[in-house]
Every structure is written in structure tokens, then in C-alpha cells.
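Hi,

Here is the structure I promised to pass on. Have a look at it first, and my notes follow below.

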Amino acid sequence: MANILCIGAGYVGGPTMAVIAKHCPQHRMVVVDIDADRIAAWQSNHLPIYEPGLDEIVFESRNKNLFFSTEVDRHIAEADIIFVSVNTPTKTFGQGAGKAADLQYWEKTARQILKNSSSSKIVIEKSTLPVRTAEAMERILNFNDKGLYFDVVSNPEFLAEGTAIRDMQNPDRVLIGGRETASGQTAVQTIVDIYAQWVPEERIITTNLWSSELSKLAANAFLAQRISSINALANLCERTEADVTEVAHAIGTDSRIGSKFLQASVGFGGSCFKKDILNLVYLCEHYGLTEVAGYWEQVVKMNQYQKDNFVSKMVTAMFNSVAGKRIAIFGAAFKANTSDIRESPALDVCRALLEERAEVVIVDPHALDNARISLSDVAERVTFEPDPYVAVQDAHAIAILTEWPQFAELDYQAIHKTMIRPAFIFDGRNILDHRKLYQIGFNVYAIGKPPRTHFTS
Ligand code: UDX
Ligand code: UDX
């Protein structure tokens, strides 16, 4: 039996440890966090994050071989293996502000591990980190006079929110990077053995430390780049009467390109893509690779353009003014099936509409509480409404900003009747039946498609 600790009970730490606990009943898993409210929620029947399948898997193992605690020091002392999944946000100050990763929590955690350890341990980087962070960690951890040795292993997380449990249970691959020393390889094998309890061996990839660290940044950069690429083409479609859905289908059937991640949208959100690409950009700049840095930075710029352009299209379509107009925002979460609103394009669009003095009403099945916190500085100008049919009453427009499938199932005929005419729909996720909406009487604007309007000129 091993004592496995995870520091950081967030979107990554909680679900990851719950899945390991399920498949490794022989091991004891503890998840700790400095945030007492978060830990209390993990211990309650109302978990701090919404993720399909998470409740079942947590309730199955909790208090058997899965524990949540705020006693960080004590559990460090008891642990054999420590996963670290504390947050690594973009730095907001000093050198590299706005791009580099802020590693202060990581470094603080490393020092805390050292302080509370009286035995050697394996420390695993679960958080996304700049390539070569492990080197700094090794130096902090192993520069000690306690006679202790820490193996630092990189095991980046590839789960996507909304499908986290499925992704963990059946991953495309698990990546484990370690030092090419005897001790480093033993540490890697120890982590391989954990995943091998449920992941087929051929899907467990082992690499050197730096490849593993960089692969996580590279994977997110490639995924985000596909979205920015299809969004770039969507803009051209809107000018040329091509339809981006048809273009995506046509190119996606080429097996070399593949069909996934070609959904044009109002832009990507989430805590990872922007942060990790900016981190990559900073690394490239650090190594003097100016052109390489510029290449990746363009992915983020394109995404910002997409969000800004969406708002401009709304304002232009609605006779160049949305001031005083009620606009129903369908979706606050950065994607469907999550309550997470970090970097959500929906909230950027809301803020931009508020700048235009629109009256904003936000609907979301799971993310309203988080949206309310995030928009607390403008709360008096926003209404948070769980019922979409209430939100649309006397609204001039609806903007679909999260791809929740339930938004496609609403009765738009009934909705149209309660709205101010001419009624507009801006489908930032291309999930609705645009032809049908047009027939009902809406003026419909989608991403990468010619608008369908009832105006003759
Ligand atoms: C985080 C990182 O953001 C991401 O880059 C990485 O890939 C995985 O870890 P996530 O789990 O989504 O992702 O972050 P978050 O939900 O913010 O969770 C981090 C947790 O760490 C928070 O609950 C925070 O309270 C905790 N934490 C932070 C500590 O316990 N100790 C600290 O010193 C700092
Ligand atoms: C991402 C990576 O997919 C995951 O491997 C990594 O571990 C963390 O970052 P996540 O941010 O949770 O996961 O969700 P993802 O499904 O990648 O979606 C990110 C954003 O892109 C969402 O806003 C989503 O709506 C958007 N998106 C996705 C598109 O706009 N179009 C697409 O085709 C796919």
C-alpha cells in the first residue's frame, strides 16, 4: 500500500484522485487544499465542481481510500507519493507579466514538502508548468541537509472539463516523464504501475522530463490552434457565402486532418488554453525564438478577435446600438457540462455588452453561481436567471455563448412571441436550427455562415 497525496483540490486534483482511488483500492489517497471551504464541499454531498459522473465516483471511495483534508503538513509527512496540482496562473506582475506562468504556489508547495518530510518521496508535477520547471523543483527539494532525496516526475493531465471522468477512465494516453537515472526510472515505473491498474500498457507513454513538460504545452497549443484556424476561416466564410460547418466537414474527412476540434465558435475559453499558449510564447521569447513566439501568439490574438468581432456584429446588426436593450445571454460556462467560467467567452461578451449599456440577463444550468461571483463588480447591471423562458421576455436578442444541448431543445416559437420585434438570435456556438429560427421570424446570425435576416436591404 502507498500513501498517495494530492496537493490542490481543484478541477484537476479532485477528479484525478477520485479515479485513481476507484482503480487502486490498495492505495490510500488524500487530497489536501489550503481552501477550507473547498475541502468542506468535497466532504459534503454538494461537491465544489460540477462534472458528469463525478459524484458517483467520489461517493464510492470517499472515507474508504479517498480522503479530503486541510491538514497539508501532516499529510505531506505521511505520504510516499505526492501529486502537485496547485494552480499556475499567468503572472500579473514583474518580469514576464501577462505571459509567464506564476510559479509562486508551486515553489511554496515544494518548500512545504521539504519542510514536512522525514522520508524520501516521489513528487509529481500534475500542474501545467513551463518546460524545465522540474529542474528548479529538484534543486529546491534536494538541496537539503536531511539526507532526503526526491524524484521529480512529470505527469501532465490531459482531461477536458465536462468529460473529465470519462477522459481519466479511458485516456488516449497517459504521459509520464522522468530522469534517465536509475532512481528516476524507478520513480517513473512506480507511477506507471498506478495507471496500469486500469490503462492498457500501450497507452502509457514514458519520456524524459522535458519532453513530458513540453508535450502538455504543445498539446494545448495544437488544440487551441485548430479552433483559431477554423475561426479564422469562419470569418472568411461570412464574407463569401461559404458555410464553415460544410468546410469543417469537408476538410475533417481527410484522415490526416481529422474531424475533431473543428467547431467554429465565439472563441475558446477555459483555464488552460490561453495561459498555456502565453506560457509557450514566453518560453520561446526567453530562448530568443522571436518568430516562433509570434506564431503561437497569433492563436491567442485570433481568439480575442473572435470575441470582439462577435460583439461588433451584434451591435451592428441591432441598428448600431444595444443601449437599454435587454439581451438574453444563453450560457455562462466556458463550455457545456461544466460549472467552470474561467476565461469564458460568455463573460467577455457580457462585459462588452455592458460597456455598450445593454441590459444583460444570463441563463446557465450549472454556472450561474460562479458567473455571479465573477461579475460581482457589475452585478447591479446584470440579471442572473435560471429560467430561459423568463430571461427572453421583452428581450431584443438572444446570444448563445455556451454549447449546452438544452439550449437547442427550447421552444423558440414560444420564445419569439415574448420578445421585442425584430427579434435577433446570435448563435455563437452554431448549435441551433438556423433555417427553422428564420422561418419562425428571427433574424439569425451564426458563426461562419451568411446571416438569415428578414430585412430587405
Ligand atoms: C490547476 C492549474 O490551474 C493547471 O495549470 C494545472 O494543469 C492543474 O492544476 P485546476 O485544478 O483547474 O488546475 O486549478 P484550481 O481549480 O484553481 O485548483 C488549484 C487548487 O490548489 C485550489 O483549490 C487552491 O486552493 C489550491 N492551492 C493553491 C493549494 O492548496 N495550495 C497553494 O499553495 C495554492
Ligand atoms: C483543455 C484540453 O482539451 C485538455 O486536454 C487539457 O487537459 C485542458 O485544456 P478544457 O479547457 O477543459 O480542456 O476543454 P476543451 O474541450 O479543450 O475546450 C476548450 C474551449 O474550446 C471551450 O471553450 C470550448 O467550447 C472550445 N472549443 C472546443 C471550440 O470552440 N471548438 C471546438 O471545436 C472545441
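Helices here are DSSP runs of H or I with at least four residues, strands are E runs of at least two, and both are numbered from the N terminus. Leaving out residues up to four places away in sequence, Phe319 touches Lys325, Pro422, Phe424 and Phe455 (contact means heavy atoms within 4.5 Å). Pro405 is 86 residues from Phe319 along the chain, and their C-alpha atoms are 30 Å apart.

Before the ligands, some housekeeping. This is a predicted model, where local features need pLDDT of at least 70 and side-chain atom pairs count only at pLDDT 80 or more, while totals for chains, interfaces and linings use all residues. Residues are numbered from 1 along each chain as its sequence is written, chains are lettered from A and ligands numbered from 1 in the order in which they are written, and side-chain values use heavy atoms, with hydrogens and water left out.

Now ligand 1. It has 20 residues around it, and Asp33, Arg38, Lys108, Lys275 and Arg342 come nearest (a residue counts as near if one of its heavy atoms lies within 4 Å). That shell splits into 5 nonpolar, 8 polar and 7 charged residues. For these classes, Ala, Val, Leu, Ile, Met, Phe, Trp, Tyr, Cys and Pro are nonpolar, Asp, Glu, Lys and Arg are charged, and the others, Gly among them, are polar. Helix 5 (residues 104–115) gives the most to the shell, with 3 residues. An oxygen atom of ligand 1 is 2.6 Å from a polar side-chain atom of Lys275, and an oxygen atom of ligand 1 is 3.1 Å from one of Thr88. On its own, ligand 1 has 690 Å² of accessible area, and the protein covers 92% of that (Shrake-Rupley method, 1.4 Å probe).

And ligand 2? Here 21 residues surround the ligand, the closest being Phe158, Glu161, Ser265, Phe334 and Arg429. They divide into 11 nonpolar, 4 polar and 6 charged, and helix 9 (residues 209–240) gives the most, with 4 residues. The side chain of Lys216 has an N or O atom 3.0 Å from an oxygen atom of ligand 2, and a polar backbone atom of Gly269 lies 2.9 Å from an oxygen atom of the ligand. Taken alone, ligand 2 exposes 660 Å², of which the protein buries 91%.

Cheers

Note on methods:
Polar contact = N/O pair within 3.5 Å; in protein donor to acceptor, adjacent residues only side chain to side chain.
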